[in-house]
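Open the model in your viewer and keep the selection tool ready. Each stop below says what to select and what is there.

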Amino acid sequence: MSQVQDMAEARRQLADYRVSIDNIDAALIHMLAERFRCTKAVGMLKATHGLPPADPAREAQQIERLRRLADDAHLDPDFAEKFLNFVVREVIRHHEQIAAENGAGKTG
């Protein structure tokens with residue numbers, strides 16, 4: 001195979017990978033949107049019943065669970081934990097906002 005053919009093949013493979021990456025990114029966005037739809041409902045339930053926005057025990061269980069899943073999937077567990085911590089911080093921020101809007105204030 002000539003250098004020109006090699007380069008054309010490399011560009012074709014790169015384009016194929018990029019299509020897959022774009023599809024995965026779209027799926028991730030849709031999955032996050034669904035996750036936040038559910039956590040918004042949880043926030044409303046917590047605010048209605050005066051439950052604290054954060055649940056450290058649940059968060060610790062989730063971190064442990066996600067680290068195991070990441071390891072099983074050959075994904076860096078530290079990365080998975082950082083990602084989950086980012087998502088959880090945003091969820092808690094939403095829950096605090098929902099609680100404040102419903103007069104519950106910060107309780108945890």
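Start with Phe-79 and Phe-83: they sit 4 residues apart in helix H3 (residues 77–101), so about one helical turn separates them. Helices here are DSSP runs of H or I, at least four residues long, numbered from the N terminus. An α-helix has 3.6 residues a turn, so residues three or four places apart point the same way.

This is a predicted model; local features need pLDDT of at least 70, side-chain atom pairs count only at pLDDT 80 or more, and totals for chains, interfaces and linings use all residues. Residues are numbered from 1 along each chain as its sequence is written, and side-chain values use heavy atoms, without hydrogens and water.

Now show the two rings. The structure holds 1 aromatic pair (ring centres within 6.5 Å). The centres of Phe-79 and Phe-83 lie 6.5 Å apart with planes at 20 degrees, so the pair is stacked (planes under 30 degrees apart). Phe-79 is partly exposed, at 45% relative accessible area. Phe-83 is partly exposed too, at 42%. Partly exposed lies between buried (under 20% relative accessible area) and exposed (over 50%), using a 1.4 Å probe and protein chains only.

Next, select Ala-54, Ile-63, Leu-84, Val-88 and Ile-92, the largest nonpolar core. Such a core joins buried Ala, Val, Leu, Ile, Met, Phe, Trp, Tyr and Cys residues through side-chain atoms within 4.5 Å. H3 gives the largest share of this core, 3 residues.

Last, go to the start of H3. A side-chain oxygen of Asp-76 comes within 3.0 Å of the backbone nitrogen of Asp-78. Just after H3, find Gly-103, with a positive phi of about 75 degrees.

Technical notes
Rings of Phe, Tyr and Trp (its six-membered ring) pair if their centres lie within 6.5 Å; planes under 30 degrees apart count as stacked, over 60 as edge-to-face and the rest as tilted. Helices (H or I, at least four residues) and strands (E, at least two) are DSSP runs, numbered from the N terminus. A polar contact is a pair of N or O atoms within 3.5 Å; within protein, one must be able to donate a hydrogen and the other to accept it, and residues adjacent in sequence count only if both atoms are side-chain atoms.
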